[in-house]
Amino acid sequence: MSFALYMLGFLIFLGGIAWGAAVAGVPHLYIGIGALILLGIGIFSAVGRTRSKDPS
């Protein structure tokens, strides 16, 4: 459940960044490339933060 909440928050953050870049006049190709890179970083960090610790 915490993974889904983390990703939901990150997607809202990513949408705000993309919207701001579009309003600022950044070309759509660069917005798409940046969004994919940030999405990958978001998935890596979500998995790292929500992964359960080993009991040993």
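Which residues of helix 1 are buried? They are Met7, Phe10, Leu14 and Ala21, where buried means under 20% relative accessible area, exposed over 50%, and partly exposed in between (1.4 Å probe, protein chains only).

This is a predicted model, in which local features need pLDDT of at least 70 and side-chain atom pairs count only at pLDDT 80 or more, while totals for chains, interfaces and linings use all residues. Residues are numbered from 1 along each chain as its sequence is written, and side-chain values use heavy atoms, with hydrogens and water left out.

**Helices**

The chain holds two helices and zero strands; helices (H or I, at least four residues) and strands (E, at least two) are DSSP runs, numbered from the N terminus. The expected span of a helix is 1.5 Å times one less than its number of residues.

| Helix | Residues | Span, first to last C-alpha | Expected span |
|---|---|---|---|
| Helix 1 | 23 residues | 33 Å | 33 Å |
| Helix 2 | 23 residues | 32 Å | 33 Å |

Helix 1 covers residues 2–24 and helix 2 covers residues 28–50. Just after helix 1, glycine 25 takes a positive phi of about 95°.

**Packing between the helices**

In helix 2, the buried residues are Ile31, Gly42 and Ala46. These pack against helix 1, with contact meaning heavy atoms within 4.5 Å. In turn, the cover over the buried residues of helix 1 includes helix 2.

Serine 2, in helix 1, and valine 47, in helix 2, are 45 residues apart in sequence, and their C-alpha atoms are 10.0 Å apart in space. Serine 2 has a relative accessible area of 45%, so it is partly exposed. Valine 47 counts as partly exposed because its relative accessibility is 40%. From valine 47 to isoleucine 33 the C-alpha distance is 22 Å, at a separation of 14 residues in sequence.

**Surface**

A nonpolar surface patch is formed by Val26, Leu29, Tyr30, Ile33, Ile37 and Ile41, with about 600 Å² of accessible area together. Patches are made of residues with over 30% relative accessible area and no salt bridge, like charges being joined within 9 Å and nonpolar side chains (Val, Leu, Ile, Met, Phe, Trp, Tyr) within 5 Å. A salt bridge is a side-chain nitrogen of Lys or Arg within 4 Å of a carboxyl oxygen of Asp or Glu. Accessible areas come from the Shrake-Rupley method with a 1.4 Å probe, and for residues only the protein chains shown count as cover. Isoleucine 37, which lies in helix 2, counts as exposed because its relative accessibility is 51%.

**Whole chain**

The chain exposes about 4,400 Å², and carbon and sulfur atoms supply 75% of it. Of its 56 residues, 12% count as buried. The C-alpha trace spans about 50 × 15 × 10 Å along its principal axes. The radius of gyration of the chain is 14 Å, whereas a compact globule of 56 residues would have one near 10 Å; the radius is taken over C-alpha atoms, and the globule rule is 2.2 Å times the number of residues to the power 0.38.
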